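I'm opening my notebook on a new protein today. Here is what I have on screen before I start looking things up.

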Amino acid sequence: MKVTKKIVLHEEEMPRQWYNILADMPNKPAPMLNPQTREPVSAQDMYGLFAEELANQEFTQERFIDIPDEVRELYRIYRPTPLVRASGLEKALDTPAKIYFKNESVSPVGSHKLNSAIPQAYYNKKQGIKHMTTETGAGQWGSALSIACKHFGLDLTVFMVNSSYEQKPYRKSVMHTYGATVIPSPSMTTEVGKEMRKRFPNTAGSLGMAISEAVEMAIKQPDTRYGLGSVLNHVCLHQTIIGEEARKQMEIAGDYPDVVIGCFGGGSNFSGISFPFLRDNLTKGFKTRFIAAEPESCPKLTKGKFEYDFGDTEGFTPLIPMFTLGHDFEPAAIHAGGLRYHGAGAIVSQLLKDGFIEAVDVKQLDSFKAGVLFSQVEGIIPAPESTHAIKAAIDEALKAKEEGVERVILFNLSGHGLIDLAAYDRYFAGELN
């Protein structure tokens with residue numbers, strides 16, 4: 001392990017605004033549609049599901065949104081997060097490329113998800129909401145919203161995808177510690193859960209199924225709203241604090257990325273690291289490349305269709321224009337549970353359609369191999385989701401070596417894998433596909 005260079009901002013340098021890329025996109029995403037009427041959905045139509053200010057953020061095209069002081073105060077617990085020069089990885093690859101990573105694993109829950117959980121809980125509390133529901137794949141989002149709800153005095157019910165519920169018992173422990181109720185999905189708690197258990201008796205569950213259960217509970221119970229950890233515009237908006245900090249840190253380092261990479265499930269951490277840099281491509285003609293790294297077993301960006309589809313399995317959500325594998329697609333029970341989602345958010349889908357971003361799919365074994373190398377040379381065990389971004393970064397660094405060019409690569413380390421060690425054990429035992 002080689003000593004790395006860490007670039008840290010002072011608290012007063014933490015961004016005061018989130019960036020909304022909708023303001024700068026030449027082609028805006030098509031509107032979400034009401035599945036019954038096929039008419040565009042408005043912010044007011046979403047008030048029964050989301051806190052009103054979150055619904056308004058979903059539809060606004062204002063370029064910058066002020067971060068509330070109460071949210072910034074909680075951000076200060078772990079933000080600004082470090083930008084790290086991965087000199088150990090550079091040496092191991094013998095590459096002329098410079099590799100940087102934004103280390104979001106330093107948050108109290110070990111991932112980037114807290115960046116949106118805090119404002120979502122804040123806006124619900126401000127509105128007088130008492131209860132929230134949500135879904136979680138790997139458990140990172142559920143953990144983040146659990147601690148945020150506990151801080152603001154909200155009750156939380158988390159529907160956790162059944163495969164992750166079984167594979168990641170300590171994620172459940174984290175959520176229970178923070179006071180949340182955790183239910184494996186599909187469950188017998190909701191009507192849609194009961195129906196899915198009948199239709200798919202041996203299912204490992206999926207994020208689409210868990211979303212359906214969480215949405216049903218939210219719309220049926222009073223003083224309850226739903227919280228989402230990825231996909232929608234307001235979630236990606238909150239995550240842009242990652243890239244806004246990284247812009248300042250790259251300037252301190254005297255570099256600017258040629259390639260920006262994030263793993264991809266629904267789009268939250270990829271959007272967070274990418275959109276503030278993509279602003280320069282859209283408004284200044286920069287030529288930075290942006291790569292979304294998704295699992296080969298759930299390749300919505302590389303092999304999906306661009307069409308209107310539901311965000312959940314049962315069809316409770318509005319129709320979203322997205323790259324999708326179909327809302328009833330059930331991916332393999334890979335350990336990168338946060339990436340097991342059938343579709344991509346409308347913004348990312350439009351950017352891919354227009355050629356502003358790229359996508360690659362990564363095999364599970366290749367992702368773990370990359371994660372082990374990163375652990376050995378940088379000292380951080382990455383979450384299985386983040387290993388996909390690491391694999392893509394390694395590939396880009398090796399291309400730079402083959403071409404004999406210096407290239408600046410930035411990727412988002414979206415979370416640590418200290419609660420995912422059972423997955424690494426299975427990898428070392430040769431039990432993963």
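Below are my entries, topic by topic, and I'm keeping in mind that this is a predicted model.

**Entry: the sheet**

I began with the strands. Four of them make an open sheet, and going across I read the order S8-S7-S6-S9. The pairing is parallel. Which strands sit at the edges? I found strand S8 (181-185) and strand S9 (224-226) there, each with a pairing on one side only.

Then I zoomed in on one pair. Strand S6 (residues 131-136) and strand S7 (residues 155-161) run parallel and are joined by 6 bridges. I picked out Met-132 and found that its bridge partner in S7 is Leu-156.

Helix H7 (residues 169-177) goes across S6, S7 and S8, and it runs at about 170 degrees to S7.

**Entry: two helices together**

Next I checked helix H8 (residues 191-199) against helix H9 (residues 207-220). Their axes are 8 Å apart, and the packing angle is about 150 degrees. How do they run relative to each other, roughly parallel or roughly antiparallel? An angle over 145 degrees counts as roughly antiparallel, so that is what H8 and H9 are. For the contact, I noted Glu-191, Val-192, Gly-193 and Met-196 on the H8 side. On the H9 side they meet Met-209, Ser-212, Glu-213, Glu-216 and Lys-220.

**Entry: cysteines**

How many disulfides does a search of the whole structure find? I got 0. For Cys-149, the nearest cysteine sulfur belongs to Cys-236 and is 20 Å away. A disulfide needs two sulfurs within 2.5 Å. Cys-149 is buried, at 1% relative accessible area. For Cys-263, the nearest cysteine sulfur is that of Cys-298, at 13 Å. Cys-263 is buried too, with a relative accessible area of 1%.

**Entry: Asn-269**

The side chain of Asn-269 reaches the backbone oxygen of Cys-263 at 3.3 Å. Is Asn-269 buried or exposed? Its relative accessibility is 6%, and under 20% means buried, so I wrote down "buried".

I then listed what Asn-269 touches, leaving aside neighbours within four places in sequence: His-112, Gly-262, Cys-263, Asn-412 and Ser-414. I also compared Asn-269 with Gln-239: they are 30 residues apart in sequence, but C-alpha to C-alpha they are 6.5 Å apart in space.

I looked up two cis peptide bonds. One goes from Arg-79 to Pro-80, with omega near -5 degrees. Pro-80 is in the loop between helix H2 (69-75) and strand S4 (83-85). Another cis bond joins Ser-185 and Pro-186, with omega about 5 degrees. Pro-186 belongs to the loop between S8 and H8.

Last, I noted two positive phi values in residues other than glycine. Asp-94 has phi near 50 degrees, and it lies in the loop between helix H3 (87-93) and strand S5 (98-103). Val-231 has phi near 75 degrees, and its loop is the one between S9 and helix H10 (233-239). Where does each stand on exposure? Asp-94 is exposed, at 53% relative accessible area, whereas Val-231 is buried, at 8%.

Terms used
Residues numbered from 1 in each chain as written. Predicted model: local features only at pLDDT ≥ 70, side-chain atom pairs only at ≥ 80, totals over all residues. Heavy atoms only, no water. Pairing = 2+ DSSP bridges. Helix = DSSP H or I, 4+ residues; strand = E, 2+ residues; numbered from the N terminus. Contact = heavy atoms within 4.5 Å. Axes fitted to C-alpha atoms, helices over the stretch in contact; angles between N-to-C directions. Buried < 20%, exposed > 50% of the residue type's maximum accessible area, 1.4 Å probe, protein only. Polar contact = N/O pair within 3.5 Å; in protein donor to acceptor, adjacent residues only side chain to side chain. Parallel < 35°, antiparallel > 145°, perpendicular 65-115°, else oblique.
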